[in-house]
Structure formats: structure tokens, C-alpha cells
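Let's go through some labels together and ask what each one rests on. Have a look at the model before the first question.

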Amino acid sequence: MAATSLAAASHCHRHHILLPARPSPGCFNLRTPNRGRICPAFPSVLCSSSSASPQPTAGGEEEAEDGEEGRGRRLSKQSSWEATDGQGDDYLYRLGKEADNMNIAVGARSGIVDDLFVGKFLGRDSDIVFDYRQKATRKFEYLQGDYYIAPAFLDKVAVHIVKNFLANNLNIKIPLILGVWGGKGQGKTFQTELIFKAMGVEPVIMSAGELESERAGEPGRLIRDRYRTASQVVQNQGKMSCLMINDLDAGLGRFGHTQMTVNNQIVVGTLMNLADNPNRVSIGQKWRESDITHRIPIIATGNDFSTLYAPLIRDGRMEKFYWQPTREDIINIVHRMYTKDGLSFEEVSSIVDTFPNQLDFYGALRSRTYDQAILQWVNDIGGYEQLGEKLLKRKNREKLPTFVPPKPTLDALIQSGNSLVEEQAFVMNSNLSKEYMKNLDD
């Protein structure tokens, strides 16, 4: 009976025949859980406890070794599904873990999946908003008009970008980060965006609000992800790119008794690591020798970088640039702003001398001159009661009543400027918090 069982087992193993679920008492059981023991010659066959154990043949020695490793029955010796690398890890799992493409939002992409499965009902791609969702760069199409770029600002930003793209050809230490700092409302961000548009740079932009999260490590990973996105713009599109972080000190600065969080520390460490190793950036996959990231310059804006971690802003990692526009810069910037209003260069100079404030003041000044014209327009369309009907509930082809922009004069601008100055001074001098919270100073 034992010889008969062995012959049957050899025959079944050779031709891969699955036996019935209920074998005869003298035969063997196929993959019966928790019964019998593994047959040395046939790892996938469990012998009955009552039958004698057959001796392994010469041809079954390799399969016996596989059985000792506990791998069970293999699909094929040539199958890559069960292949392992030199360390014994699953080969396909290791490839997936090392892959630098972490994008999982790709659906049926035209040219990647057979056209039979892509279809043409909603276009060539199954995910019709894929291109918009994945767009992380900025092109500044809204910057239309003739704007003034301060020469000193242009020189500093342009030199920083060019030096980083020529880093492999220059035998010098080049800081990866350019820190543009200065007073509030001096046009740091706007001037930088104008330079990007003029140079054809397509940057990836972040704000201080993205430097904190309810999950530890998420902002640091986001910075690395945005950095690699800018690198892909250079590699895939052939365009210059950079990573810009607005108001860095607002997200990482220490003010008084501000508490330092884990994410603050991780973000600081991430920026320091990028400055030291700009070509090796990981967002979760294992390191590979071929995974080299393009060196991407980083530009950060802020008001007071002395509140940041000192090793982050040291020379060699960050180059500091203090931006304080001169009177000539301010007059040229404001004059370009009021060009459509017909103000002369002398009238603009008079306004700048009357209100020597930050640049955003002159934008607010121009906006204030529209208030009376907007109130008149509201009355023309039927009053406040008709605003919802006219602004939101109008028919598709129905146009809004024509709004005629006012022509600001020098006297009107100075009057509006005095009103803005009085309102700001009243806010600073009132200090209502001291009245509402008596123990604030204690």
C-alpha cells in the first residue's frame, strides 16, 4: 500500500493533477490543514499519519530544500512573482518600494493603457481633471501690464538662480537658499514673481501655513515632495524652476513664548539637509544610486530671520538679502501702478513724499479712491436690495451694468491717504485689549 501511494504521488506530482478532496484511507491528503506531516520529497503533499513516509528520490532534493524553507508549492521556477534578491527579499516588492514615482492618482492614461480600455467618451484620459490636480507650479498669467522691477532685486535673485544651475561648473560653495527679508509691505513677494515671469522661471510656491500639520512629519515630506516636483519641471519640461517659501519666519520663527513643535524641528532639519545634500532627496522610497535630483534653488521671504534657528541661516546654507527699496524704486513702482489713471511722474513723487510708507500703502490708497464710484454703481443697479439678484442670480447671458472706473486726482489721493493714516493710528493707539483684559500686563 505504501508503494502504491508513492507511485500515485509521483504520478500526480509529475502531471500536476489535483486529487479529489476525500482521498481513500491509504492515499494521501492534498493541503489538508493540521493533519499529518510534510512529505520530504513532495513539500505540497501532506502524508497520512498512518502511511509510511517514502524516501526522497535524487530528483526531489531541490524541492526538499524548498520545503525546508517553508515556501510551499511554487508557480514556476521562472516566475518573477516569487523571485528574491540577493538579500532574500521579495524582488517585486523591493522594486515597488524603490520606485521614485509615488503618484497613485494615475488612471487609464492614453498611450499607457490599451485604447480599448481608455475609451473616448470623456476624452482620452479617464481622469479628466488629472492635469489640473497635479499642477503645482505657477506661471503668473495674471501679471499683465508694464511693471517696474528694482535692478538690485533683479540682480540678486537672478544671480542666485543662475549660480545654483551652474553649481557643477563652479568650484565654489554655493548656498542653496536665498533669504529675502525686510519690512512688511515692501513688495518682496511681488518683485520675486515679476522676476520669475521675466526670466521664464516656473516655480513651486509654498506658504508658511503649510509648515504645520496635525500629523508629525507631514510638512517636512511636503517640502521634499515640492522640491522633487520642481526638479521634475527641469528634467521633463526643460524649464527653469525653483522652490519659493513665503513668510518663512511666520511658520518657523520663535516669538516670545511661542512653542516649538515637532513639525517645526522636522522642517528646519529638512531645509538644512536640502542645503547640504541638494541632489539626494527622498520622499519615502529607498535610496538608489541612480536616483539623482536636480539642484533646485530655494527662495524664502520673511520679515525677521533672526527668529529662525541659527544653523539654518548660517553662511553656506542661506544667503541673506535685505530689501529696502530706495525712493527712486518706490516712485518708479508707484508710477507704473498709476499709469492708467493718467498721473504724471511729478504727481506720483508728491504722493510718495507725502506718505513715505510701505509699497502696499499705495495699492490700498488707489483702492480707496474707488469706494465712492462703487457706491454710485450700487445705487444705479437698484440699491442694496438688488445686489444678490444682480451679482449672483442673473441669467447666463445677462451682463452686469457697466462700471466706469473713476479718474483719481492728486487731491483725492491725498485725502484718501490721510484717512488711511488716521485709521491705522487709531488702531495702534486704542489698545482696547488692555481695557478688556485688565491682567494682560501681569
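Q: What do the buried residues of helix 12 pack against?
A: In this predicted model, they pack against helix 11 (327–337), helix 13 (359–368) and helix 16 (410–430).

Q: Which residues of helix 12 are the buried ones?
A: Helix 12 spans residues 345–354, and its buried residues are Val348, Ser349, Ile351 and Val352.

Q: How do you know that they are on the same side of helix 12?
A: Their arc around the axis is only 160 degrees, which puts them on the same side of helix 12.

Now to the rings.

Q: How many aromatic pairs does the structure hold?
A: The structure holds 8 aromatic pairs.

Q: Why is the pair of Phe153 and Phe321 called edge-to-face?
A: Their centres are 5.7 Å apart, and rings pair if the centres lie within 6.5 Å.

Q: Why do Phe153 and Phe321 count as buried?
A: Phe153 has 0% relative accessibility and Phe321 has 12%. Buried means under 20%, so the label holds for Phe153 and for Phe321.

Q: Why is the pair of Trp181 and Tyr322 called tilted?
A: With 4.7 Å centre to centre, the rings pair; their planes are 55 degrees apart. Stacked needs under 30 degrees and edge-to-face over 60, so this pair is tilted. Trp181 in strand 4 and Tyr322 in strand 8 are 141 residues apart, and the pair links these distant parts of the chain.

Q: Why are Trp181 and Tyr322 called partly exposed?
A: Trp181 has a relative accessible area of 27%, and Tyr322 is at 44%. Buried is under 20% and exposed over 50%, so Trp181 and Tyr322 fall in between.

Finally, a look at the surface.

Q: Which residues form a nonpolar patch on the surface?
A: Val162, Leu166, Leu170 and Ile172 form the patch, with about 310 Å² of accessible area together.

Technical notes. Residues numbered from 1 in each chain as written. Predicted model: local features only at pLDDT ≥ 70, side-chain atom pairs only at ≥ 80, totals over all residues. Heavy atoms only, no water. Patch = residues over 30% accessible without salt bridge, like charges linked within 9 Å, V, L, I, M, F, W, Y side chains within 5 Å. Areas by Shrake-Rupley, 256 points an atom, 1.4 Å probe, with all protein chains shown as cover. Salt bridge = Lys/Arg side-chain N within 4 Å of Asp/Glu carboxyl O. Phe/Tyr/Trp six-rings, centres within 6.5 Å; stacked < 30°, edge-to-face > 60°. Buried < 20%, exposed > 50% of the residue type's maximum accessible area, 1.4 Å probe, protein only. Helix = DSSP H or I, 4+ residues; strand = E, 2+ residues; numbered from the N terminus. Arc of directions from axis to C-beta. Contact = heavy atoms within 4.5 Å.
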